Amino acid sequence: PLIAVDDLEEFAVRPAPQGVTVKCRITRDKKGMDRGMYPTYYLHLEREHGKKVFLLAGRKRKKSKTSNYLISIDPTDLSRGGESFIGKLRSNLMGTKFTVYDNGVNPMKTTSSLEASILRQELAAICYETNVLGFKGPRKMSVIIPGMNMDHERVSIRPRNEHETLLARWQNKNTESVIELHNKTPVWNDDTQSYVLNFHGRVTQASVKNFQIIHDNDPDYIVMQFGRVAEDVFTMDYNYPMCALQAFAIALSSFDSKLACE
């Protein structure tokens, strides 16, 4: 089935249709003076015959104490004030926990009690843990996303303080109306002497950054997968209930995670 992308802003936050895997690719552009440090990432939807449809672009902000990526629906305008700003990904100081926001208002930056509807939503939180093997073995990722209501719409989570955030809910085991996902544990392969996952041909290069995200109840249903196919090209596929913005931001966190330097 052809996935229609008529309104990019709407498409980016719309959950994938049930039963359809949305297949995308991410290209990393390191050209230019400081691009090695601050590459731009472009997300495209794959079409048959090698055609691609631009979806999102992301880039790390330079003057930020923590990792802070702006995500835009315009590949040429990656500014915070721009019309095309659609969301952002921000890490904690350690670079091990990340939160994905839409383009709403930060509750800390406003004095008046705003209408809830313009406060920013949290769309995902990502936690990276070291494993028992230290940095050598596969990483452990937990991904927390808002749950879905009976109409298959995303529950809106708009924290007014840090006790209401996705990370706080998850840490306090208050998982009502949120979905907790994990990366699938890779299996050791003696032939290649490495940990492997089956990407069914969508990933061709081994990398510690390759991952598949699942729910513990149904480990065969891949909610999202990400992996390398060339030096600066990665495939990123996602399924219901994830949307493009969530999946892209999770992938960006994986490029950035301090635990990715093994």
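Is Arg202 buried or exposed? With a relative accessibility of 15%, Arg202 counts as buried, where buried means under 20% relative accessible area, exposed over 50% and partly exposed in between (1.4 Å probe, protein chains only).

## Basis

This is a predicted model, in which local features need pLDDT of at least 70, side-chain atom pairs count only at pLDDT 80 or more, and totals for chains, interfaces and linings use all residues. Residues are numbered from 1 along each chain as its sequence is written, and side-chain values use heavy atoms, leaving out hydrogens and water.

## Salt-bridge network

The whole structure holds 8 salt bridges (a side-chain nitrogen of Lys or Arg within 4 Å of a carboxyl oxygen of Asp or Glu). A network of salt bridges links Arg25, Glu46, Arg202 and Asp237.

Arg202 pairs with Asp237, with the closest N and O atoms 2.7 Å apart. Asp237 is in strand 14 and Arg202 in the loop between strand 11 (194-196) and strand 12 (211-215), 35 residues apart; strands are DSSP runs of E, at least two residues, numbered from the N terminus. Asp237 counts as buried because its relative accessibility is 4%.

Arg25 and Glu46 form a salt bridge at 2.7 Å, N to O. Arg25 belongs to strand 1 (residues 22-29) and Glu46 to strand 2 (residues 40-46), 21 residues apart. Arg25 is partly exposed at 26% relative accessibility, and Glu46 is partly exposed at 22%.

## Loop-to-loop pair

Lys30 and Asp232 form a salt bridge, their closest N and O atoms being 3.7 Å apart. Lys30 lies in the loop between strand 1 and strand 2, and Asp232 in the loop between strand 13 (218-230) and strand 14 (233-238), so the pair ties together parts 202 residues apart in sequence. Lys30 is partly exposed at 36% relative accessibility, as is Asp232 at 21%.

How values were computed:
Helices (H or I, at least four residues) and strands (E, at least two) are DSSP runs, numbered from the N terminus.
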